[in-house]
Amino acid sequence: MNSSPSSTLSPAANRDLFDQSALSDLAQRLVEAARRAGADAADAVAVRGVSQGVEVRDGRVEESERSEGDDVGLRVLVGQRQAVVSTNDVSGDAVTKLAERAVAMARVAPDDKYVGLADPALLARDFPDLDLLDPDVPTTAELERRALAAEAAALAVKGVTKSGGASASAGIGGMVLVTSTGFHGSYLRSSQGISATAISGEGTSMERDYDFTSAPHGADLLSPEIVGRSAGERTVARYNPRKVETCKVPVVFDPRVAGSLVGHLVGAINGASIARKTSFLKDKLGQQLFAKNIRIIDDPLRKRGLRSQSFDAEGVAVKRTALVDDGVLTTWLLDCATARELGLTTTGHAHRGVSSSPSPGPYNLHLEPGTLTPAELIADIKQGFYVTDLIGSGVNGVTGDYSRGASGFWIENGEITYPVSEVTIAGHLFEIFKSMQPANNLEFRYGINAPTVRIEGLTLGGR
């Protein structure tokens, strides 16, 4: 594991960075100004963003950058009319002017019977410590060291011919939410990451691959050496790929891409798509879509999770939810507006930027593991395809049709053999969900996590 050194920033500077009291005061003043200007209800979001990053190539720093800023957004409601405004300038009488402008905009906006703040009974009261903030902010020199170490490890892999670059980054993001119904909540989340890209071969026969690690705490990152070596080994394994004939075979998804299947499900159960009737799952709530051993979890309260938080963008309390339980689709992802439109109650999935109204979205997603090892999962496959990379976005959320470019490895007699590129995999998400079989190798590395997954009978489009 790799732990962060202390920052060169002074302790006082770090305290200022972590102190959201000024943002909280600003959000409160915005809400009060909106009410004075004539709003029936209002909420304000103040967002802090601080990031620094270093990119290296061939042992030299190519780019080093840092950015920081605070932005605020105000949403006001006048009757059933709504307006959202945002700014990063709150000097002088800007708060009053922003509130007056927002109210004036709301008065001429069209009526929307679904808008409104969250029911006060649904607001979060408890704010558990999710351990999202690493107090040790890495220095620029430490980020440079990590990036250079990752690149060196990639170049040390036999068969790697050149570097595709490496990077290391760190940041802090936070949000304060204040509503006219009395909610006041805030959180801060740190983020750190390391990535590396390697290239093998020359000219038109070059191949490239990558690896990365990210976490709120530096101590939870993979070491730069592990990241770089993995990028190099992945790249070398892809060298000299072959074409395959068009066929229908079992397809096995590497954990790095298996989470995309969960992502397609979550996109289809987003309340906005359900309300618009633009989802192929619009009539499938409560139905068996997967095998009975399948559970898909959304967990906003996971400690040190990449997307963890204790309340949503409307102040509603969040909770761990099984979106799919024993193969059955149990819920939509809803914010207050989509819930009202569907005659339901919000599920606490509202997300929001400073310049937009809330909309539903997930938190930390994962597909629970099965019992077989990845080797056991493919042991009976006479001919099949092991996917390591997906290209394009050829998934139709309205019909459920699935078609994506892919590369990976051919499976023969239960063994992963030679690399394969320039193929497409196609099918329908109903069939994909129905045949999904997870292995036992779940790790929490991404925002959406899944173990190795086997899908039966997809069409592989080759030469």
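A salt bridge here is a side-chain nitrogen of Lys or Arg within 4 Å of a carboxyl oxygen of Asp or Glu. I started with that rule, and it gave me a count of 27 salt bridges. I keep in mind that this is a predicted model.

**Entry: Asp43 and Arg352**

I looked up Asp43 and found it in a salt bridge with Arg352. The closest N and O atoms are 2.9 Å apart. The pair links distant parts of the chain, 309 residues apart. Asp43 sits in strand β1, residues 41–57. Arg352 sits in the loop between β11 (350–351) and β12 (359–360). Are the two partners buried or exposed? Asp43 counts as buried because its relative accessibility is 1%, under the 20% cut-off. Arg352 is at 12%, so it counts as buried too.

**Entry: Arg238 and Asp209**

Next I checked Arg238, which forms a salt bridge with Asp209. Their closest N and O atoms are 3.4 Å apart. I placed Arg238 in the loop between α5 (224–237) and β7 (247–253). Asp209 is in strand β6, residues 207–215. Arg238 has 15% relative accessibility and so counts as buried. Asp209 is buried as well, with a relative accessible area of 4%.

**Entry: Asp220 and Arg304**

I then turned to Asp220, which forms a salt bridge with Arg304. The closest N and O atoms are 3.0 Å apart. Asp220 lies in the loop between β6 and α5, and Arg304 in the loop between β8 (296–298) and β9 (321–325), so the pair ties together parts 84 residues apart in sequence. Asp220 counts as partly exposed because its relative accessibility is 35%. Arg304 is partly exposed too, with a relative accessible area of 31%.

**Entry: strand β1 and its partners**

I went back to β1, the strand that holds Asp43. It is mostly covered, with twelve of its 17 residues buried. What does β1 pair with? I found 17 bridges joining β1 to strand β2, residues 60–78, and the two run antiparallel. Ser51 stands opposite Ser67 in β2. β1 and β2 form a hairpin with two residues between them. In that turn, Asp58 has a positive phi of about 55 degrees.

I also found β1 paired with strand β4, residues 160–179. This pairing is antiparallel and runs over 14 bridges. Gly53 has Ser169 in β4 as its bridge partner.

**Entry: a five-stranded sheet**

I traced another sheet, which is open and has five strands. The order is β10-β9-β8-β13-β18, with mixed pairing. Which strands are at the edges? They are β10 (328–329) and β18 (448–449), and each pairs on one side only. Inside the sheet, three bridges join β8 to β9, which run antiparallel. Asp298 stands opposite Thr321 in β9.

Note on methods
Residues are numbered from 1 along each chain as its sequence is written. This is a predicted model: local features need pLDDT of at least 70, side-chain atom pairs count only at pLDDT 80 or more; totals for chains, interfaces and linings use all residues. Side-chain values use heavy atoms; hydrogens and water are left out. Helices (H or I, at least four residues) and strands (E, at least two) are DSSP runs, numbered from the N terminus. Buried means under 20% relative accessible area, exposed over 50%, partly exposed in between (1.4 Å probe, protein chains only). Two strands pair if DSSP finds at least two bridges between them.
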